[in-house]
Amino acid sequence: MIIFDTNAVNRLSPSSPRADIIRKLRQSGHHRVAVPWMVLEEMAAHQAKSYPDKYSAAVKALEALRGAVTWELQSSLERLDLDRLMNHWRDAYTEIFEVIETSPEAMRKALTREALALPPAKRAKDHSEGARDVAIWFSIIEFLKDNPGKEICFVTANTKDFGDGDDYPYPMNEDIRGMEHRITRLKDFNEVVASFTKTVSGIDAEASADELLASQPIRDRVAQAALDTLQGYVGLGTDGTAMRWRAWLAAPDIELLAVTGVTGHEIEGDVWYTANARWLLYGLSVKEDPADVSYAACTWETKILFSTRDSAEPPTLLTSQEPKAPGVSDPDCASALEGMKQRADDKTRRDVQDWLAGKDLLAENVRPIDLAIALRQNPDLAPLYRTKVLNHWLTERFTPPVDLPLPLIQRSLAERVLHNLNYVGPARARALADSMPTLDIAGLGPLDLAGLRPPHSDPARHETHDEEAKGADNQLSFEDAAAAEGAAADGDGTDPEPPADQVS
């Protein structure tokens, strides 16, 4: 366990190289990296303490401006909210460090020791000070007592109050008695880097990072991150003009355009990298109108933490910028985009051919007509995708278009899935949502599409079901759908009919 004192990480920027090294140490699994609760509070306070004075200066400036004009100013300041800013920095640093809690008993003892001016507290002219240092010290002592098999490395430049690590003044020597051999000392962050990592740089690091980021597992993870996090940005439409899209309908196709700013650190034989990566994304997206579905392309710049230890290990997305429309003047980008468009067209052609040929549609082989694309538009319906009842019902109403040219088929398929969801009323969806587990959006696939087959029912059957849907205020009777599915499945292991108390 590496434990930092405030002076070793004071005013640490969460986006700095130092913060990235700490993340690498923690992510490696070889080291725990922590700060005592008191250090976390001091770090947040050092970032926020100038806020009240700056707010007061802004209020005075606004008042002065009001006195200098002859009209009523519309400008105003929101209220001062110091807790909000402190919580922001607490959250930012908690993402970087593990936090060692300080017990109420340790806090009381810290105040008592300060009153007595005993180390690590001290006398300063006519008063005593150092209760925060005592709280940090007792946090370390409590950790050692609670974890008898653990050793720690305490990083601090404050040898005056905490000692040099060899001799401790009274009563610190009593606090640490019997545990002296389990604590070592480093004085600053540079000594941590020298002791626990080996810097990897140069052409080899850049080549290794480029190869890792271009690997399929990491590309898939980044594509999933784009699906989960990106909403409402400008991209390039299929006609080559800028368009504003609201969300991806499924994880987009992805290509790595460039890797820059690579830094690597070897930790216990594993190399951990941070790098700035520029990606090209292309896939089905929806605009403000859920029925307005089309393909969009954008570039996305990210800072990523990843390792050579296991190519399948998920990378950590540290920071990202807003997506932008691809530059048409960039030949590499333009060439990659054309290839992605061709892959999408080929994939759709195969899917439609399989659909018309009556083949089973496996989730890993379906992208344009994957039911998951509709989930982003109706999160309340997530639990319904656990059942084959909905799959069976969609099968009877979903007919693939055969009279449209590519790539309009892709758009039409997606629109039909979105349109079919209108048959499920929100009240029925909420009733089922209350009784079924929530679907983890980050782990959408594989979905169970075993019941999704090309429809071969006659038109009269469709009309009957449509009338039933209308008669139920556009809500599907899941009891009827379950019964129909049971007859079709004939004991093939499909999900049973939902209990009566799960539907309204």
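Modeller: Helices of at least four residues and strands of at least two are DSSP runs, numbered from the N terminus. In this predicted model, the protein chain has 19 helices and 14 strands.

Colleague: Which residues of α2 and α10 meet?

Modeller: From α2 come Arg 18, Ile 21, Ile 22 and Leu 25, and these meet Phe 189, Val 192, Val 193 and Phe 196 of α10. By class, this contact has seven nonpolar residues, one charged residue and no polar ones.

Colleague: How many aromatic pairs does the structure hold, and what makes the pair of Phe 4 and Phe 97 edge-to-face?

Modeller: The structure holds nine aromatic pairs. In the pair of Phe 4 and Phe 97, the ring centres are 5.9 Å apart, and rings pair if their centres lie within 6.5 Å. Their planes stand at 70°, and planes over 60 degrees apart count as edge-to-face, so this pair is edge-to-face. Phe 4 lies in strand β1 and Phe 97 in the loop between α5 and β3, and the pair links distant parts of the chain, 93 residues apart.

Colleague: How do you know whether Phe 4 and Phe 97 are buried or exposed?

Modeller: Buried means under 20% relative accessible area. Phe 4 has 0% relative accessibility and therefore counts as buried, and Phe 97, at 1%, counts as buried too.

Colleague: What makes the pair of Tyr 233 and Trp 245 edge-to-face?

Modeller: The ring centres of Tyr 233 and Trp 245 are 6.3 Å apart and the planes are at 65°, which is over the 60 degrees required, so the pair is edge-to-face. Because Tyr 233 lies in strand β9 and Trp 245 in strand β10, the pair ties together parts that are twelve residues apart in sequence. Both Tyr 233 and Trp 245 are buried.

Colleague: Which residues do ring pairs link into a cluster?

Modeller: Ring pairs link Phe 4, Phe 97 and Phe 189 into a cluster, and Phe 189 is also one of the α10 residues that meet α2.

Colleague: What share of the protein chain is buried?

Modeller: Of the 504 residues in the protein chain, 46% are buried.

Technical notes:
Residues numbered from 1 in each chain as written. Predicted model: local features only at pLDDT ≥ 70, side-chain atom pairs only at ≥ 80, totals over all residues. Heavy atoms only, no water. Contact = heavy atoms within 4.5 Å. Nonpolar A, V, L, I, M, F, W, Y, C, P; charged D, E, K, R; others polar. Phe/Tyr/Trp six-rings, centres within 6.5 Å; stacked < 30°, edge-to-face > 60°. Buried < 20%, exposed > 50% of the residue type's maximum accessible area, 1.4 Å probe, protein only.
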